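Student: I've got a new model open and I'd like to talk it through with you. Can we put it on the screen and go from there?

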Amino acid sequence: TEVFFPKSKELLLHQRPAGRRRKPQLGDSEIHSHVGLSMLLYMNSVYLLFWIPVVLASIIIKYDGLSAQFRAVNLVLYAVLLLVELLRLYLGNLGNFREQVPEVALSWVLSVLCQTPLAVFLAFNETGGMRTSAEERGANIPLVLQLLLQIVVMRVAVNSLIRSKVAKMQLNDFDDVVTDHATALVLDDDGSGGVGMATGSSQRDPVPGSLLTSRVRQQATVYTNAYSSTMTSATSSVGEARRLNAAAAAAA
C-alpha cells in the first residue's frame with residue numbers, strides 16, 4: 001500500500017493507540033467524498049445496464065460457431081468480468097461515500113490488476129477460436145476507457161481521503177491536548193489569587209503541529225484563542241472570589 005499510496009504512511013503514524021476511547025470531535029460528521037469519482041462510478045453503473053444485454057446477445061450469436069473448449073472459456077471470462085465489476089463498483093461507492101480508504105484502494109487494485117487487462121483482452125482479442133465480434137468490441141471499448149479514467153481518478157481520490165483523515169486525526173489530537181491542559185489547571189493555593197498550571201502539563205507542546213496541515217492550523221488557532229479567553233475569564237473569576245472571601249473574613 002505504501003508503494004502505490006505513499007500518504008497512507010501518514011495515516012498509520014497518526015492512528016490512535018489501541019485501548020484509548022475516543023470522544024466525538026469537531027468535523028466527524030463531515031464526509032469528504034470525491035465528486036469526480038462518484039460521477040464516474042455512477043456513469044459506469046448506468047453503462048453496465050446496456051453492456052450486459054449487448055454482450056449476452058453477442059455471445060448467443062457466435063455461440064454455435066465456437067468449439068466446446070472456447071465456449072466454456074468465453075463464458076467464464078465474461079462471468080468473472082461481470083462479478084468483479086459489480087464488486088468493484090460496490091466497493092468504490094461504499095468507500096467514497098463513507099470516506100473509507102481500504103474500500104476505495106481495493107476497488108483501485110481490482111481495476112488495475114483484473115478488470116482492465118480482462119476488458120482489453122475481450123475487446124481486442126484476435127485469436128482464431130475466440131475472435132472478438134464487432135458487437136463485443138463496441139461494448140468493451142467504452143468499458144476499457146472508463147476503467148482507465150477511473151484508475152487515475154481513484155488514485156487521486158485515495159490520496160485525498162488519506163489527507164482528509166490525517167487532518168481529522170491531527171485536529172482531534174490537538175483537541176485532546178487542549179482538554180488535557182484544561183483538566184490539569186488547579187487553583188493556586190499560595191495566596192497569589194491566580195490560576196496555576198500543573199508542571200507536567202505546562203511542559204507539553206499544546207500543538208502536535210510539525211505535521212499540521214493548513215486547515216488544522218486554522219482550527220488550532222481558533223481553539224487556542226478560545227482557550228486563552230477561557231483562562232482569562234477563569235483567572236478574573238478566581239481573583240474576584242478571593243477578594244470577596246477576604247472582605248467577608250474582615251467583616252466577621
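Tutor: Leu-37 touches Asn-96, Val-104, Val-153, Met-154 and Ala-157, leaving out residues up to four places away in sequence. Keep in mind that this is a predicted model.

Student: Which elements make up the protein chain, in order from the N terminus on?

Tutor: Start with the tally: the secondary structure comes to 7 helices and 2 strands. Reading from the N terminus on, the order is α-α-α-α-α-β-β-α-α.

Student: What share of the residues in the protein chain is buried?

Tutor: Buried here means under 20% relative accessible area. The accessible surface of the protein chain comes to about 14,500 Å², with 65% of that belonging to carbon and sulfur atoms. Of the 252 residues, the buried share is 37%.

Student: Let's look inside helix 5. Is Asn-140 buried or exposed?

Tutor: Asn-140 is found in helix 5. Leaving aside neighbours within four places in sequence, Asn-140 is in contact with Tyr-47, Trp-51, Tyr-78, Ala-119, Leu-122 and Ala-123. Its relative accessible area is 0%, and anything under 20% counts as buried, so Asn-140 is buried.

Student: And what about Leu-147: which residues does Leu-147 touch, not counting residues up to four places away in sequence?

Tutor: Leu-147 also has its place in helix 5, and its relative accessible area is 0%, so it is buried. Trp-108 sits 39 residues away from Leu-147 in sequence and 9.6 Å away in space, C-alpha to C-alpha. As for the residues that Leu-147 touches, they are Glu-85, Arg-88, Gln-115, Thr-116 and Ala-119.

Student: Glu-85 and Arg-88 are both on that list. How far apart are the closest N and O atoms in their salt bridge?

Tutor: Both Glu-85 and Arg-88 are buried. They are 3 residues apart in helix 3, so about one helical turn separates them. A salt bridge needs a side-chain nitrogen within 4 Å of a carboxyl oxygen, and for Glu-85 and Arg-88 the closest N and O atoms are 2.7 Å apart.

Student: How far does helix 3 reach from its first C-alpha to its last?

Tutor: Helix 3 covers residues 68-98, which is 31 residues. Its buried residues include Asn-74, Leu-77, Tyr-78, Leu-81, Gly-92 and Gly-95. After helix 3 comes Glu-99, whose phi is positive, near 60°. The reach of helix 3 is close to the 45 Å expected at 1.5 Å a residue, and comes to 45 Å.

Student: Which residues are linked with Glu-126 in a network of salt bridges?

Tutor: Arg-131 pairs with Glu-126, and Arg-137 also forms a salt bridge with Glu-126, again with the closest N and O atoms 2.6 Å apart. Arg-137 lies in helix 5 and Glu-126 in the loop between helix 4 and helix 5, so this pair ties together parts that are 11 residues apart in sequence. Relative accessible area is 41% for Glu-126, 48% for Arg-131 and 24% for Arg-137. The partners of Glu-126 in the network are Arg-131 and Arg-137.

Student: Now the outside. Is Phe-50 buried or exposed?

Tutor: Phe-50 is found in helix 2 (residues 35-63). Together with Val-35, Met-39, Tyr-42, Met-43, Val-46 and Leu-49, Phe-50 makes a nonpolar surface patch of about 780 Å². The cut-off for exposed is over 50%, and at 55% relative accessibility Phe-50 counts as exposed.

Student: Last one: among contacts between residues at least 6 apart in sequence, what percentage joins residues at least 24 apart?

Tutor: Leu-147 and Trp-108 gave us a sequence separation of 39 residues. For the protein chain, the share of those contacts that join residues at least 24 apart is 77%.

Technical notes. Residues are numbered from 1 along each chain as its sequence is written. This is a predicted model: local features need pLDDT of at least 70, side-chain atom pairs count only at pLDDT 80 or more; totals for chains, interfaces and linings use all residues. Side-chain values use heavy atoms; hydrogens and water are left out. Patches are made of residues with over 30% relative accessible area and no salt bridge: like charges are joined within 9 Å, nonpolar side chains (Val, Leu, Ile, Met, Phe, Trp, Tyr) within 5 Å. Accessible areas come from the Shrake-Rupley method with a 1.4 Å probe; for residues, only the protein chains shown count as cover. Helices (H or I, at least four residues) and strands (E, at least two) are DSSP runs, numbered from the N terminus. Buried means under 20% relative accessible area, exposed over 50%, partly exposed in between (1.4 Å probe, protein chains only). The expected span of a helix is 1.5 Å times one less than its number of residues. Contact means heavy atoms within 4.5 Å.
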